[in-house]
Amino acid sequence: MRNQTKMMIRKALMNRLNKEPLSRITVRALCEDCGINHNTFYYYYADIYAIIQEYFQENLEDVIAAYDETASWEKSFLVASRPALENRVALDHVYHSIRKEDLENYIYNVSGGIMIRFVNSIHPELDADPKDRNLIAHFFRCALTSMVLHWIDGGMKEKPEDIIDRIGFLMDGSIEEALHRSADEKKRISDR
């Protein structure tokens with residue numbers, strides 16, 4: 001029953017977010033939609049924003065699991081884009097709300113979780129400096145976060161597959177090359 005009530009509350013919030021801005025949604029309205037009282041709502045969530053944070057956290061776990069299964073940052077980003085495509089209006093309402101940072105943090109965490117795993121999976125035997133591996137992952141994390149936010153801000157018109165495929169094509173080999181540079185420099189310094 002507990003999970004059913006939580007899911008009902010989340011579904012009610014998503015339904016409302018797909019119709020109206022976050023600033024207009026109240027706990028009272030969600031309780032009416034679900035046929036529950038305020039105490040039941042507050043038993044599960046501190047406020048409406050806690051629902052959004054939980055939603056993003058669960059999606060983050062799905063994306064990381066997708067990466068762990070496929071070892072593909074491209075496929076993981078496609079998994080991350082599904083909720084956005086299914087709830088474009090809701091996502092737009094969160095993006096243009098005072099809680100925009102929740103969405104930005106979610107995208108940043110998705111990008112980071114995927115890119116650090118991806119960079120560390122490329123030639124793990126290569127003796128690249130761990131700081132350089134982290135720097136490379138951070139660079140791509142920031143670039144991907146910015147691109148996703150730009151895509152959302154632009155109305156999510158382009159297909160995520162097209163964007164991701166093109167980035168993958170253009171950047172293919174760049175991480176590997178950077179890691180080789182790091183390993184070569186590390187070797188040069190140790191040979192002195």
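Of the 192 residues in the protein chain, 44% count as buried. Keep in mind that this is a predicted model.

What is the chain built from? The protein chain has 10 helices and zero strands, and reading along the sequence you get the pattern α-α-α-α-α-α-α-α-α-α. As for how the sequence folds back on itself, take the contacts between residues at least 6 apart in sequence: 72% of them join residues at least 24 apart.

Now zoom in on one pair of helices. H8 covers residues 130-153, and H9 covers residues 160-171. Their axes come within 12 Å and cross at roughly 150°. Angles over 145 degrees count as roughly antiparallel, so H8 is roughly antiparallel to H9. The crossing in which H8 passes H9 is right-handed.

Which residues make that contact? From H8, you'll find Phe-140, Leu-144, Met-147 and Trp-151; H9 brings Pro-160, Ile-163, Ile-167 and Met-171. Sort the residues of the contact of H8 with H9 by type and you get eight nonpolar, no polar and no charged. If you want to see this in the viewer, pick out Phe-140 and Trp-151 on H8, then Pro-160 and Met-171 on H9, which are among the residues making the contact.

Notes:
Residues numbered from 1 in each chain as written. Predicted model: local features only at pLDDT ≥ 70, side-chain atom pairs only at ≥ 80, totals over all residues. Heavy atoms only, no water. Axes fitted to C-alpha atoms, helices over the stretch in contact; angles between N-to-C directions. Helix = DSSP H or I, 4+ residues; strand = E, 2+ residues; numbered from the N terminus. Parallel < 35°, antiparallel > 145°, perpendicular 65-115°, else oblique. Left-handed = near helix turned anticlockwise from the far one by under 90°. Contact = heavy atoms within 4.5 Å. Nonpolar A, V, L, I, M, F, W, Y, C, P; charged D, E, K, R; others polar. Buried < 20%, exposed > 50% of the residue type's maximum accessible area, 1.4 Å probe, protein only.
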